Amino acid sequence: MSSIVTEKLSEAVGVEVLDVDVDRLLNDDDLPGATLELLEEYGVVLFRELCADDDTQAAFSGKLGELAQFPLYPNPNVMEISFDPDNPNAEYFASNDYWHLDGFMDEVPAKASILSAHVVSEEGGETEFASTYAAYDNLSAEQKEQYEDLRVIHSFETIQRLTYPDPTPEQLAVWARRGVREHPLVWKHESGRRSLVFGAMASHIVGMDIDEGRALLHDLQERATAPDRVLRHTWSVGDMVIWDNTGLLHRACAFDRSKPRRMHRSTVVGHESIK
Ligand code: OGA
Ligand code: MN
């Protein structure tokens, strides 16, 4: 293929591909494979100001793997992330402000997410990314040994409570339907790499005093998401950002929710359960 030109976005995470437009996105047969390699190495891949429409986004995303379906949206390959009152998931998106990975309640979490900016906020509304591979790699040898066999309980309720600390019985019932997941703290990927699985959806550590477990999870997250380890992307309309959902946490930064901001997300389903 014609080669691609890239530039690192930060010391910790992320790379920009400089010479891609919609035509190349759709027609360069080597680009999907190259993108997957960049994702593995850098965690986040940015195509700036592409202005891809939903069909274009879905066509490219579909070359990275099988796409999750979102039947509530006009194009079921693409979920709209916004606080518009007619967005059927608006209530839940408020918790995107807390560090999370997508599909943490699924047996197999998403492999990658692709987010395009359609309407951006004037202030705030950036998206931040932090590597959970680095979170593992930066542990001491002693910590690696201590945490090797820990298991963590995750739930939708845990992350939603951060937004709604006094939930109604209806909210609790809806959240409870999403169930509870137990994952190992240390994810031993098929590639041989290791990452930590934590974030705002992590409730507590199995077999450990609840407060002690929470303190450990909090501490791991604080270290992994220290400002110098985080990539903060400030959106322009048309930017497309792809991230490796298996080795990164992400979150939205605060913005005025009474003003419009609309992102379109496609999701490549995972093929590797957390083990
Ligand atoms: C998501 C998400 C963050 C944002 O779409 O999964 O977390 O900045 N979005 O909108
Ligand atoms: Mn998300």
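Let's start at the ligand: His100 has a side-chain N or O atom 3.1 Å from an oxygen atom of ligand 1. This is a polar contact (a pair of N or O atoms within 3.5 Å). The side chain of Asp102 also places an N or O atom 3.1 Å from a ligand oxygen, and for Arg261 the corresponding distance is 2.8 Å. Of the 290 Å² that ligand 1 exposes when taken alone, the protein buries 99% (Shrake-Rupley areas, 1.4 Å probe).

The model is predicted, with pLDDT of at least 70 needed for local features and 80 or more for side-chain atom pairs, while totals for chains, interfaces and linings use all residues. Side-chain values use heavy atoms, without hydrogens or water, residues count from 1 along each chain as written, and chains are lettered from A and ligands numbered from 1 in written order.

## The surroundings

Residues around ligand 1 (a heavy atom within 4 Å) include Ile81, Asn96, Leu115, Thr127, His250, Ala252 and Arg265. Ligand 1 takes up the space of the largest cavity (points on a 1 Å grid over the protein atoms alone where a 1.4 Å probe fits but cannot get out); to sit there, more than half of a molecule's atoms must lie within 2 Å of the grid points.

Three strands (DSSP E runs of at least two residues) form an open antiparallel sheet in the order β12-β6-β14. Because β12 (230-233) and β14 (248-252) each have a single partner strand, one side of each edge strand lacks a neighbour in the sheet. From one strand to the next, the twist averages 20° (between lines fitted to C-alpha atoms, on a scale from 0 to 180 degrees between N-to-C directions).

Five bridges join β6 (residues 127-131) to β14 in antiparallel fashion; pairing requires at least two DSSP bridges. Here Ala130 sits opposite Leu249 of β14.

Definitions and conventions: Helices (H or I, at least four residues) and strands (E, at least two) are DSSP runs, numbered from the N terminus. A polar contact is a pair of N or O atoms within 3.5 Å; within protein, one must be able to donate a hydrogen and the other to accept it, and residues adjacent in sequence count only if both atoms are side-chain atoms. On a 1 Å grid over the protein atoms alone, a cavity is a set of points where a 1.4 Å probe fits but cannot get out, and a pocket is an open set with protein on both sides within 12 Å along at least five of seven lines; lining residues have an atom within 4 Å of a point.
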